[in-house]
Amino acid sequence: MRRRLIFTYSIVIFLTIVFAFSAAAYFFSSSSADYHSQFTVDHSHTYLQGLEDYYSQNGTWKGVEAYFTSPDLSPVELVFMQQEQVALLSPDGEVLYAMDQQMAGTKIKPFFLAFASGIFSEGKLVGYVISGSLLHGLSPDFSNTLLRVLWRSILQAAIVTMVAGLLLALIMASRLLDPIEATIKAAQRISDGDFKQRLPVQSYRDLSDLTTAVNDMAANLEKHDSQRSSLFADLAHDLRTPLAVQRASIEAVEDGIYPFNQETLKTLKQQNTHLVRLVEDLRLLAMLDEGMITPQFSPQDLSEFTRGVIKRFESMLTKQQRRVREVSMQKGVIVNIDPDRIEQILENLFQNAMRYTPEGSTIEIMILTKGLTAVLTVRDHGPGIPIDKLETIFDRYYQLNDNSGKKAGGQGMGLAIALRLARMHGGNLFVRNRPDGGAEFTLELPLLLPEKPSRPSR
């Protein structure tokens, strides 16, 4: 890649040099010719006009030598023509008349016509006037000599510029490719599992964005790897405990220590339920990540639906000395939802609220509409969520401490699942701390708009 980049730089530099110097040579030659031509015009304006009049009257240059000896010409014009050894040329460069008799009958090369002044009659080129002294001052091989000098200069300048360009290309390629190669090597090490790799931020904006993106990717992979390791440890503990209890209970029944009765079955069932819930959460989270769940939508009144879910928590609320207060439950808030999945979101929010709300306090529920969105909020009166955790609380496997300072239980998958279920419905789920205390979770769902009645056919 480095060689290709240097080669590309070199080609661009070379072509730029050739184009620039070719253009310079052309404009130099053109400007020189224009200068001499304009010089002749500026000093021979009067007799040029006279020559044009002569051709217009006669329609030919025959007998034009009489014009150059005409008494109508001023002494200044005569002196100028003699000093410059003015010559009259045909349109193809043949000398028709010249102050210098040696030029008579000769033909001027097309290259030198660029130094001549044109004579026009009725818009048609009928001849040229050129300075013979200028032609004598130029070598016969002047055009070729000029081009050789110019191209030799171009070649010398190109060599010097190419050397300087190659050095510059080497420097630029190194400055550009060194951080890219370092990024590639770091990405390879990250793909091999070394998530602690970090790259220095580059001064170039685009490279800075690249290295920042790689560093962010490595940081996220490192965080998820750490969470995964912690998850496996917690899962092993959570799986081992109910399995150990089940095994101990079964062995105790087999040994006759415990009687095989309803109490024993209840213990076994509780541990089995915990295992089933844990495995189901893992399965559901994996399916949501892969987009493998197809929701079964149906129109629901969100207020009535939420009251039904709250009713199933009444016994638990009473037992824990907590209650639900409906701050505002707007009627007619119709949403198109999968009831089982939205119920799962609400159960998770109610369980979190009960876990962090102190005994004797209330959990506040509010449902309203905002534009084309249905908004449901669940607020507790607990300690709130640390500011630095508001953005990570929905990460999978993340757990906050409960009121006692211990882990709240579970594996921190409930809110991660709830967020994905909300987005599956085209909505969102977020949290904020209330200024007067407590955390408030907000579930947003798109409203189901009524269909417009069709116009009756005439």
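In the predicted model, Ser 117 has Val 129 of strand 4 as its bridge partner. The pairing between strand 3 and strand 4 is antiparallel and extends over five bridges. Strand 3 covers residues 117-121 and strand 4 covers residues 124-131.

Both strands belong to an open sheet of four strands, arranged in the order 2-1-4-3 with antiparallel pairing. The edges of the sheet are formed by strand 2 (95-98) and strand 3, each of which pairs on one side only. On average, and with direction ignored, neighbouring strands of this sheet are turned by 25° against each other. In general, the strands of a sheet pair through backbone hydrogen bonds, in either a parallel or an antiparallel sense.

The loop between strand 3 and strand 4 contains Glu 122. Although Glu 122 is not a glycine, its phi is positive, at about 55°. Most residues other than glycine have a negative phi. Glu 122 is classed as exposed because its relative accessibility is 84%, and the cut-off for this class is over 50%.

A positive phi of about 55° is also found at Gln 321, again a residue that is not a glycine. Gln 321 is located in the loop between helix 10 and strand 6. Helix 10 spans residues 314-319, and strand 6 spans residues 323-329.

Conventions: Residues numbered from 1 in each chain as written. Predicted model: local features only at pLDDT ≥ 70, side-chain atom pairs only at ≥ 80, totals over all residues. Heavy atoms only, no water. Helix = DSSP H or I, 4+ residues; strand = E, 2+ residues; numbered from the N terminus. Buried < 20%, exposed > 50% of the residue type's maximum accessible area, 1.4 Å probe, protein only. Pairing = 2+ DSSP bridges. Axes fitted to C-alpha atoms, helices over the stretch in contact; angles between N-to-C directions.
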